[in-house]
There are 2 protein chains.
Amino acid sequence: MSNYERPNVRAMQGYTWGEQPQDGRTIKLNTNENPYPVSSRAQAALDNIDVSALRTYPQPTADKLRDAIAERHGIARNNVVVTNGGDEALRLALSTFVDSGGALGMATPSYSLYPVLANVHGARVVEVKLNDDWSLPENLAASLNAGGAELTCLVNPHAPTGILLDQERLEAIAADLNGVLLVDEAYVDFVTPERSYDSMPLLRRDNVLILRTFSKGYSLAGMRLGYLLGPESLIDPIVSKTRDSYNIDHISQAVGLAAFEDLAYAQQGWAEVRSERTRLANALGQLGLSSPPSEANFILVNVPETSGSTAASLHAHLKAAGILVRYFDAPMLTDKLRITVGTAEQNDALIDNLSQVLT
Amino acid sequence: MSNYERPNVRAMQGYTWGEQPQDGRTIKLNTNENPYPVSSRAQAALDNIDVSALRTYPQPTADKLRDAIAERHGIARNNVVVTNGGDEALRLALSTFVDSGGALGMATPSYSLYPVLANVHGARVVEVKLNDDWSLPENLAASLNAGGAELTCLVNPHAPTGILLDQERLEAIAADLNGVLLVDEAYVDFVTPERSYDSMPLLRRDNVLILRTFSKGYSLAGMRLGYLLGPESLIDPIVSKTRDSYNIDHISQAVGLAAFEDLAYAQQGWAEVRSERTRLANALGQLGLSSPPSEANFILVNVPETSGSTAASLHAHLKAAGILVRYFDAPMLTDKLRITVGTAEQNDALIDNLSQVLT
């Protein structure tokens, strides 16, 4: 431990990332990757890259990608900033809108990176606890305002439950908040179309940012691409001031664009995830592991005492069998497992393994 | 302008990046890229990448690359952190070692990104002016300590002059500083071997970080790869706390490793840059544009009043001819141009163009 560390950094714990075995054999249902492969157009774009293009700096603001994103969402280039995964988007929102010594708002439990980034930034965390049924408390905005939250991150669909909040509720929260509301839509691509969820009208407000990522919906977790949408008044300081000047490398700009433009292919994968999600939730329910209705690519299952197992023991059992799922030793979650929806074969392997212990 | 921006962000100016035309025709001598192509081994590594590997998160700490870097420098994996270019390394050093409201030390003029990053961080900048002959003032460390600098960035070879400070002077500065000394060696690969410059012994100290980049020496500016070396007490909090969890994407880890391991090829390019640097400095000198002795891949030329031109007018003249060089409207630099050493053909084109105006 060094005397040179900032006090807030010295005092904090780093983010605990999910295990990332590189063996290619493990059934990875622990970090919510998309089970289906990247678009073949991404491979074609990659095959087309001549390393001589890497000799010079990349286009600083990833404008081709920004334009494609803007067109998809019916907004302008200046309403988009491209980031190294959603994680960089979150960090940049903090560094742009939260004073050091200021506060980040969140509803807990949620994405465990939020408080880590706040700690790095030297900001306080204002936590509002979810109700026992995972719903947001009525006084959410008032509590966050009372705590001085300059930025509030709400993940929707929620992690780790997968529950989707409708856009009217988000709009009401944004209207009541004194600070910026960042709607973290990392998992939004997996929402059932019949839900008619559409957060884009929120961008008419001056205090809303919407986060998207290529990691889940476009099977590009290994590439680190995400983006923020928002009014130009919120996006411009990120693009022109707080972002590293060349934050997106040349290859990611080209390959990401190709994957993003192959929307029909991506949508096919999202539909398969939804179909497997229903099947998996039903099968787990038959094993006594109930879950809230998920609109994401994961399911949060409850491991009841009557099962004769604990979430921690099931996690260990599955790991021994080469299947990784996520266990969080955190309030409201110690009797739960978060399980990524895999391919049909992976889900079958999971169910088979759990059947051996639970029946 | 938004009411939601932090006051320090609202008040600041963003970094002015050098122009990055993507036309492939411009002679780019403005942002210190390496004129020689990337190693063919990097192309082979790129050609070998299957996008299916991008579906999952990358190895979080880029350990294969860390190990290769550690081996090259005769240190351990835990003394290395890999970053998205040198820029991310600088930002991380600030976020790890400088309090908000604290101070970043620097000698001016220098890399214009340092004060921008300090502004983003909400830190003050303690500037110590270089002497008129570009040498560091004797009271450097005392002035930085008096200003409360928690981190001091010194670029060596210096930018924008290219002058190399010897390691004994750096060691003395580090010994006198109360805070961390970051030696920014972005251009170190171009130092004449006969100078026997070796900063690695500084890593025995508990307050020194050394920054390197792949952008210049390995012709990979478009890929965004750099690294910091230091004692584990300084490196570990960056690796485990302040860094984004998956900061280096899968492709960069693989392609960067291949380029880094092709040392013989890279060294050949460095030697050619040195040879062209001498030729270019001599030719510019004959045109009346003198320069300090550069150990980097650029030359800072003085445009004297007697030349009948100004630095700004030469910059504009060259730009009209499709040749970009860098002009800084900043103290000590308004009568200077920073010119990247290009290929022999590019340097000839530059000299030809200048000859038309200056003779």
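## Relation of the two chains

Copies are superposed by least squares on the C-alpha atoms of residues with pLDDT of at least 70 in both. The structure is a predicted model. On that basis, chain B can be laid on chain A with an RMSD of 0.0 Å. The same surface serves both copies, since 100% of the contact residues of chain B recur in chain A.

## The interface

How many residues of chain B are in contact with chain A? There are 82, and they touch 82 residues of chain A. The size of an interface is often given as the accessible area lost when the parts come together. Here chain B and chain A bury about 6,600 Å² between them, and 57% of that area is on carbon and sulfur atoms. Within chain B, the residues that lose the most area to chain A are Tyr4(B), Arg55(B) and Tyr57(B). Together these residues account for 13% of what that side buries.

Polar and charged pairs also cross between the chains. The rule finds 42 residue pairs in polar contact across the interface of chain B and chain A, both residues being at pLDDT 80 or more. In one salt bridge, Asp99(A) pairs with Arg6(B), and the closest N and O atoms are 4.0 Å apart.

## Salt bridges within the chains

Over all chains, the structure holds 35 salt bridges. One of these joins the side chains of Lys319(A) and Glu19(A), at 3.1 Å from N to O. Lys319(A) lies in helix α12 (residues 311–320) of chain A and Glu19(A) in the loop between α1 (7–11) and β1 (27–28), so the pair ties together parts that are 300 residues apart in sequence. Lys319(A) is partly exposed, with a relative accessible area of 40%. Glu19(A) also counts as partly exposed, at 35% relative accessibility.

Glu185(A) and Arg212(A) form another salt bridge, with the closest N and O atoms 2.7 Å apart. This pair links distant parts of the chain, 27 residues apart: Glu185(A) is in the loop between β6 (180–184) and β7 (208–213) of chain A, and Arg212(A) is in strand β7. Buried means under 20% relative accessible area. Glu185(A), at 0%, is therefore buried, and Arg212(A) is buried at 14%.

In chain B, the side chains of Lys28(B) and Glu33(B) meet in a salt bridge of 2.9 Å, N to O. Lys28(B) is buried, with a relative accessible area of 10%, and Glu33(B) is buried at 2%. In chain A, a network of salt bridges links Asp63(A), Arg66(A), Asp67(A) and Arg77(A).

## Cis peptide bonds

Pro109(A) is in the loop between β3 (103–108) and α5 (113–121) of chain A. A cis peptide bond also joins Asn156(A) and Pro157(A), where omega is about 0 degrees. Pro157(A) lies in the loop between β5 (149–155) and α7 (167–176) of chain A.

## Serines in loops

Ser219(A) has a positive phi of about 55 degrees although it is not a glycine. Ser219(A) lies in the loop between α8 (214–217) and β8 (226–229) of chain A and is buried, with a relative accessible area of 3%. Ser196(B) likewise has a positive phi, near 50 degrees. Ser196(B) is in the loop between β6 (180–184) and β7 (208–213) of chain B. Ser196(B) is exposed, with a relative accessible area of 52%.

Ser245(B) is in the loop between α9 and α10 of chain B. Ser245(B) is buried, with a relative accessible area of 4%. Leaving aside neighbours within four places in sequence, Ser245(B) is in contact with Tyr15(A), Trp17(A), Asp87(A), Leu113(A) and Pro60(B).

Notes. Residues numbered from 1 in each chain as written. Chains lettered and ligands numbered in written order. Heavy atoms only, no water. Contact = heavy atoms within 4.5 Å. Buried area = accessible area lost by both parts, 1.4 Å probe. Polar contact = N/O pair within 3.5 Å; in protein donor to acceptor, adjacent residues only side chain to side chain. Helix = DSSP H or I, 4+ residues; strand = E, 2+ residues; numbered from the N terminus. Buried < 20%, exposed > 50% of the residue type's maximum accessible area, 1.4 Å probe, protein only.
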